Structure formats: C-alpha cells, structure tokens
Amino acid sequence: MQSKPISKSCACLRGFHLMMKQKEIHIYSVSESNNQVDIVPKSNEITIMLDEQTKPSITSAKGTITLENPENKPIYLSQITPQSNNFILIPKVPIKINEVDFLGENVMKIQTNNNNNNVEIEKIKVQSHSVGTINNAIVKEIVFGPSSNLNIVGNVDMSDSIVDLSYNDNLFNANAIFSGELNSIPKSIFFNKRDFVYLDEADRFLIAESESSNFDCDEWAKSFRKGPFDSKFNDAECKEENNSKRLYAFVNHKKQDDNGNGLKGGEIAGIVIGVVIVVAAVVGCLVYIFVFKKKKYAESSEQVQIKKTLIGEF
C-alpha cells in the first residue's frame, strides 16, 4: 500500500482494513482476485475515489461520504453498515451495493440529483430490535429480524423486491414492519421460518402502515403469499385505522383446504387441465391399439389367406 499523510492519499489494495481520517482518499486494486477492503470512516466528511475492481465494505458508516470514480464508471460495494442517525451517502456515479445491514436505530440518507436512483441495493437486512431508515434506492430483497422496522422516507423502488418477514411470539411487533412513504409495491411478501417458535398466539400481523395517499395498500396485499413452509398466515387485508392505511397478514379460513393449505383458482385450473390432457392421451393410445392395430392385423390375415388360396398349401 502507498499512502501519504496529507488530505489526499492513494492506496493499492490487497485486502486489509482502512481507518480513514483523511478528507479524500483514492483506492484502487492491483489484483482482480484480491480486492477486499474494510473502510472505517473517522472524519465527518470524506470523499472516496474507487475503481471498478475494488469492492470495499464501509463499516460503522457515519458523517457524509462521497463516492466517485475517476472515469465516471459504476462502482461496487460489498456492504454498508450505517452507525449513525445522520449518515449521508453522496454517489457521484451509479453504485451497486451487495448488502446494507441495519443494526440498532440508524439512518442511511442517499443524496442524488433530482432524486435519481443511482444506488441499487441487492439486499437490506434489518437486524432484531433494529430500525432502519433509507431513501433514494432500488432494492431487490429486504430481510427482517424479529421486532424490526424499516422506514421509507422517499423514492425507494421496491417493485422487484422480495420481502422476507420473521416473527417471534415472545417479541411481538407493536409497530408496522414498513412505515413512511410507501409509494412502491413489492414483488412478493412472505413469512420465513427462523430458529424460534412461530406464530402460536397472534391472529394477525401488521406488515405496513402509512398516511401517504400514494400508499396502495390493496396492491401491497396482492403481493403477499404464504412462505416456503407451513405458515398459518395465508392472506393479507387492508384496514383504515388512526388516519392511516394498514396492511395486515391474517388467517383466511376460506382459503384453507382440509390440510390447512389453500389452492388458488389458477392452481386448481392447472391441475384440471393436466388431468384432462393425461386422460385424452390414454384414450388415444387405447383407440390406436384396439382399433387401428386390430384393423391392420385383420387386413394382414386376409392377405395371407388369399395367398394360400392362390398357390395352395403343400
């Protein structure tokens, strides 16, 4: 690594931990196969110049961090862990972040020009008993721990988001999992099993709450589905309470069959069509065997008999 004890410095990375007190630092990789680095900012304001190969993690993120690329190309981050209620990220180029991890009550405020979503986040994790706040991002997956919440303060695109909820019957969520400006509709919402007793007492679960007129609660409800295990919550509904729209997961007994697992109309139609196709195929085979084969055999026997008559038998 090369560095200078002045406001601007340059580091060639082979995988290490950077305690950053400089106002500006340039970081680039000398190897594409070994380019991991943890950045721990110590200044209230810092500018980081990254190349395309370096995929650093910013831990204990606080203050104001500006990210740039010398050629104005996209840059990539492995992880950001906000550790402040006023952390500001300023991306000067498009940024892709593999994971944002909220632990405690922290904020990640993304400043972009004209509210353009230059930041794409593969996964947001909100740890148990934690509250995260975020804006101006495209999010692909959101995973919640027990008693955790995510506050959306504006311009978060969740249209391709898979929302993974958890529940601990000893740590019931008094607040909604989602709150704030819920202008975007997730692709899918479901409960996933964690290492604790699951939903023994609760009759419903508050997923989202917003006073915003742009919150389309009914469309959010359509995104809800049962999880990949035997969850008793199989439906979602919207309620207007305390001047807010609230989305609840609940048990819909009309959707349950004798085993407690409901089938949607499309699934039932698919099964019926499949059975009809199989029956038609079996009938076709039987017709071919007993009609066409028999007819062909009869014609063959008749030809043999005619031949015997013409040439005689010896």
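This is a predicted model: local features need pLDDT of at least 70, side-chain atom pairs count only at pLDDT 80 or more; totals for chains, interfaces and linings use all residues.

Reader: Is Arg-246 buried or exposed, then?

Author: Arg-246 is buried, because its relative accessible area is 15%, below the 20% limit.

Reader: Which residue does Arg-246 pair with?

Author: Arg-246 forms a salt bridge with Glu-209, and their closest N and O atoms are 3.1 Å apart. Arg-246 belongs to strand E23 (residues 244-250) and Glu-209 to strand E21, so this pair ties together parts that are 37 residues apart in sequence.

Reader: What network does that pair belong to?

Author: Salt bridges with shared partners join Arg-204, Glu-209, Glu-241 and Arg-246 into one network.

Reader: And what about Glu-241 and Arg-204?

Author: Glu-241 and Arg-204 form a salt bridge as well, with 3.8 Å between the closest N and O atoms. Glu-241 lies in strand E22 (residues 235-241) and Arg-204 in strand E21 (residues 204-210). Both are partly exposed: Glu-241 has a relative accessible area of 22%, and Arg-204 has 35%.

Reader: Changing topic, what do Lys-73 and Glu-71 do?

Author: Their side chains meet in a salt bridge at 3.2 Å, N to O. Lys-73 is partly exposed at 33% relative accessible area, whereas Glu-71 is exposed at 54%.

Reader: How many salt bridges are there by this rule?

Author: The count comes to 7 salt bridges.

Notes
Residues are numbered from 1 along each chain as its sequence is written. Side-chain values use heavy atoms; hydrogens and water are left out. A salt bridge is a side-chain nitrogen of Lys or Arg within 4 Å of a carboxyl oxygen of Asp or Glu. Buried means under 20% relative accessible area, exposed over 50%, partly exposed in between (1.4 Å probe, protein chains only). Helices (H or I, at least four residues) and strands (E, at least two) are DSSP runs, numbered from the N terminus.
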